[in-house]
Amino acid sequence: MDPNRPPTDFETRVFEATRLIPAGKVTTYRELALFLECNSAQAIGQALKRNPFAPQVPCHRVVKTDLSLGGFHGQTEGPWLAKKRKLLTEEGVAFSENGTVNPEFCHRFKGSK
DNA sequence: AGATTGACTAACC
DNA sequence: AGGTTAGCCAATC
């Protein structure tokens with residue numbers, strides 16, 4: 001592992017897209033994958049996981065397609081996940097009782113209409 | 001250079 | 001409804 005390696009082009013694209021997510025909204029790995037013209041949401045997750053850049057890149061606003069939280073800082077559950085949930089809540093994102101994000105908070109990259 | 005892994009998804013059984 | 005399989009793609013071993 002080279003934690004100090006420079007970000008790859010792909011990762012850079014992922015970060016930029018992630019930065020576009022406004023506070024109080026979330027997006028899915030799938031949306032990011034489509035936006036980056038990549039058919040693998042997994043690759044998106046990989047990029048985010050290896051770059052726990054904090055609020056600079058709001059990776060906490062990225063959730064799974066079924067609107068469950070997904071992971072955070074390399075773990076799919078645990079204290080970091082609780083943190084992720086809390087961050088979103090503070091930003092105004094509401095959760096359903098099953099722990100998923102309310103779909104109304106789902107951001108889509110529609111820039112061009 | 002080849003095989004494995006992973007913050008995923010959808011399709012199957 | 002819940003577990004398994006298969007596809008996906010970049011990073012890592």
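This is a predicted model: local features need pLDDT of at least 70, side-chain atom pairs count only at pLDDT 80 or more; totals for chains, interfaces and linings use all residues.
## A salt bridge across the chain

E91 counts as partly exposed, at 25% relative accessibility (partly exposed lies between buried, under 20% relative accessible area, and exposed, over 50%, using a 1.4 Å probe and protein chains only). Together, R61 and E91 form a salt bridge, and their closest N and O atoms are 2.9 Å apart (the term needs a side-chain nitrogen of Lys or Arg within 4 Å of a carboxyl oxygen of Asp or Glu). The structure holds 1 salt bridge.

Residues are numbered from 1 along each chain as written, chains are lettered from A and ligands numbered from 1 in written order, and side-chain values use heavy atoms, without hydrogens or water.

## Meeting the DNA

Now for the DNA. There are 14 residues around DNA strand B, and Y29, Q42, Q46, K49 and T65 come nearest (being near takes a heavy atom within 4 Å).

Which element gives the most to the surface near DNA strand B? That's α3, with 6 residues. Two elements give two or more residues to that surface: α2 (29-35) and α3. Sorted by class, the surface has 4 nonpolar, 7 polar and 3 charged residues (Ala, Val, Leu, Ile, Met, Phe, Trp, Tyr, Cys and Pro count as nonpolar, Asp, Glu, Lys and Arg as charged, the others, Gly among them, as polar).

Let's zoom in on some atoms. Q42 reaches a base nitrogen of DNA strand B with an N or O atom of its side chain, at 3.0 Å. L48 has a polar backbone atom that is 3.0 Å from a base nitrogen of DNA strand B. T65 goes for the phosphate instead: a polar side-chain atom of T65 lies 2.3 Å from a phosphate oxygen of DNA strand B.

## Loops with something to spot

Take a look at E37, in the loop between α2 and α3. E37 isn't a glycine, yet its phi is positive, at about 55 degrees. Is E37 buried or exposed? E37 is exposed, with a relative accessible area of 75%.

The loop between β2 and α4 holds H73, another residue other than glycine with a positive phi, near 50 degrees. H73 counts as partly exposed, at 34% relative accessibility.

S68 lies in the loop between β2 and α4 as well. S68 is buried, with a relative accessible area of 18%. Which residue does the side chain of S68 contact? It makes a polar contact with the side chain of D66, at 2.8 Å (N or O atoms within 3.5 Å; within protein, one able to donate a hydrogen and the other to accept it, with sequence neighbours counted only if both atoms are side-chain atoms).

Methods. Helices (H or I, at least four residues) and strands (E, at least two) are DSSP runs, numbered from the N terminus.
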